[in-house]
Amino acid sequence: MDFLNSLLVKPFADMVAAPDFLIQVLWEGIVSGVLYALIALGFVLIYKSSRIFNFAQGIMVVFAALTLVGLHEKGVPALLAVPLTLVVMFILAVGIERVVLRPLVNQPDIILFMATIGITLFLVGFGEIIFGGENKVMITEQLYIPTGSFEFEPFGGFVSIEQKDLTAVIGAGLLVIALLVFLNRSKMGRAIRALGDDHQAALSVGISLSTIWVLVWFISGIIALATGIVWGARAGVSFALEVIAFKALPVLMLGGLESVSGAIIGGLMIGILEKLFEIYWGQPLLGGNTETWFAFVFALFVLLFRPQGLFGERIIERV
Amino acid sequence: MTQPAPQTAPAEPILTVNNIEVIYDHVILVLKGVSLSVPLGGITAILGANGAGKTTTLKAISNLLHAERGEVTKGTIVFGGEEVQALSPNDLVRRGCIQVMEGRHCFGHLSVEDNLLTGAFTRRDGNAAIRADLDMVYEYFPRLKVRRQSQAGYISGGEQQMTAIGRALMSRPRMILLDEPSMGLAPQLVEEIFEIVRKLNEDQGVSFLLAEQNAGVALRYAKYGYILESGRVVLDGDAEALRNNEDVKEFYLGVGGEGRKSFRNVKHYKRRKRWLA
């Protein structure tokens, strides 16, 4: 009885009793949610256009962040280092297309997946040789990312919103919107969606695979840099950052590997739910630290009932 | 008109295929020396049963073969005076040769209009020209204009075939390789599609190479035909001559010399007769 009470009643009573705290928790959830959504989008774009599950997404985050900080350490002004890093990510995209994807075209999916593991190992080694293995600090101030926080007092309580987080949410949100507009309005975006629907037909109308592949890998490079800056600012720049890409896995299971809107909604959902669960259920009932596994268990439950994910593209089949 | 079939197609070909051999997966020999040519502004048909190599021939020309691990190992393909067998499908579309695949292959999650617009991927002549061509496609296929916002996965088979042809038109082709346009369509719709092929050929000067099982319709609209069997051309000639050829009538048009007759009455040895048997 007591257990049921603390499972089903008390958490909600707590939420109502301290709405300011609830807002704080929701905000924290949104911050990580937006980032999950961003990383998941990187996976979705590459999967849609080439059926490759990109294992290297995580290391690309690290590599982009390392390049940015590394360039700055070598004396490049911060605001110049960002475009330079983008150039590096572009060269990386071209290199991956030429050296890895093109020779492996038409091979079974699993082989391409293995190839992205290869890319991961290469980037780990290459990054370490050039920038060294020690942890670095993200150049937050030099990039003019504001620090400090806004404080509110709604419902007679207290909510604090860090400006760093607010910048991250706005930045990531803008990036997501830009991507959506790009996918739905531009010629290249249309080609990416077409490629996701019917590979052969896309080839037959003259859509060039290599152009699209370079493009999607470059876009996921941009996403990697954005994620790297935001996460690096919170946790420092190290190879451990790679792990956060795998936090996007449950988002993908939830949203479906091919759905852009699924990635966004799934990301926000996982971000918010895992924070709520941690604060209201995890800490009082399970001793906390549930954030590491909650998303995976949640995704597993969803898959039991909807194997294509919550927003997986409906399979259109004419009868 | 029972004149003997001329051995060569009329002069000034836009496409010439010289004795090509196609091998899939390094082992399976599918085409064993196919030669054909399509005159500029012509409609030419490739006829044959399942597995005769019609689709493979078209894919060899458009080079979609490569994506299926097929390879042209011998012979040449000349389009517009240039050898093209080493070019990518993208290059070929740029040069004005586009394939409409068998089974329509629309982009199911994209709207009809987006489907059409993907056909303009290789074009560099600006949005206004592309918009103008979109209107032109809608003129040829008024039904597509009505359904422009529908997801292509949910429109009818005939509309999908129209979308696929319209999509190819958006690339401003000089030649369309049309694979089995009649597949799965009602006879009336088949007629409608072929009428549009004829119109496009007359108004726009687009040359067509079409692969068909439905020899009756194909030979009425095409000017020249090739009959393929087991990866070889076994007969070719003017459409008219082919229509009147006794063997073609019997094997492909379902009509014997004296009009319709029952399959039961065909002698056993004749039933199994094939040119290459």
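# Reading the two chains by definition

Modeller: In helix α4 of chain B, the buried residues are B:Asp133, B:Leu134 and B:Val137. The structure is a predicted model, in which local features need pLDDT of at least 70, side-chain atom pairs count only at pLDDT 80 or more, and totals for chains, interfaces and linings use all residues. Residues are numbered from 1 along each chain as its sequence is written, and chains are lettered from A and ligands numbered from 1 in the order in which they are written.

Colleague: What puts the buried residues on the same side of α4(B)?

Modeller: The buried residues of α4(B) are B:Asp133, B:Leu134 and B:Val137. They cover an arc of only 110 degrees around the axis, and therefore lie on the same side of α4(B); the arc is taken over the directions from the helix axis to the C-beta atoms. On the other side of the helix, B:Ala128, B:Arg131, B:Ala132, B:Asp135 and B:Glu139 are exposed, while the buried residues pack against α3, α5 (142-146) and α6 (157-169) of chain B.

Colleague: Why is B:Asp238 called partly exposed?

Modeller: A residue is buried if 20 or more other C-beta atoms, placed from the backbone, lie within 10 Å of its own, exposed if 12 or fewer do, and partly exposed in between. B:Asp238 has 19 C-beta neighbours inside 10 Å, so this residue of chain B counts as partly exposed.

Colleague: How do you know what span to expect of helix α4 (residues 78-101) of chain A?

Modeller: The expected span is 1.5 Å times one less than the number of residues. This helix of chain A has 24 residues and reaches 33 Å from its first C-alpha to its last, close to the 34 Å expected. In chain B, α4 (residues 126-140) has 15 residues and reaches 22 Å, close to the 21 Å expected.

Colleague: What makes the pairing of β7(B) and β8(B) count, and in which sense do they run?

Modeller: Two strands pair if DSSP finds at least two bridges between them. β7(B) and strand β8 (residues 207-212) of chain B have five bridges and pair in the parallel sense, with B:Met175 opposite B:Ser207. Four bridges join β6(B) to β7(B), which also run parallel, and there B:Ile98 has B:Ile176 as its bridge partner.

Colleague: What makes β7(B) a strand covered on both faces?

Modeller: Five of the five residues of β7 (175-179) in chain B are buried. B:Met175, B:Leu177 and B:Asp179 are on one side, and B:Ile176 and B:Leu178 on the other.

Colleague: Why are β2 and β5 of chain B called edge strands?

Modeller: Four strands of chain B form an open sheet in the order β2-β1-β4-β5, with antiparallel pairing. β2 (28-39) and β5 (82-83) are the edge strands, as each pairs on one side only. Strand β4 (residues 70-79) and β5(B) are joined by two bridges, and B:Phe79 stands opposite B:Glu82.

Colleague: How many residues of chain B are in contact with chain A?

Modeller: Residues are in contact if their C-beta atoms, placed from the backbone, lie within 7 Å. On that basis 26 residues of chain B are in contact with 18 residues of chain A. α2(B) gives the most to this side of chain B, with four residues.

Terms used:
Two residues are in contact if their C-beta atoms, placed from the backbone, lie within 7 Å.
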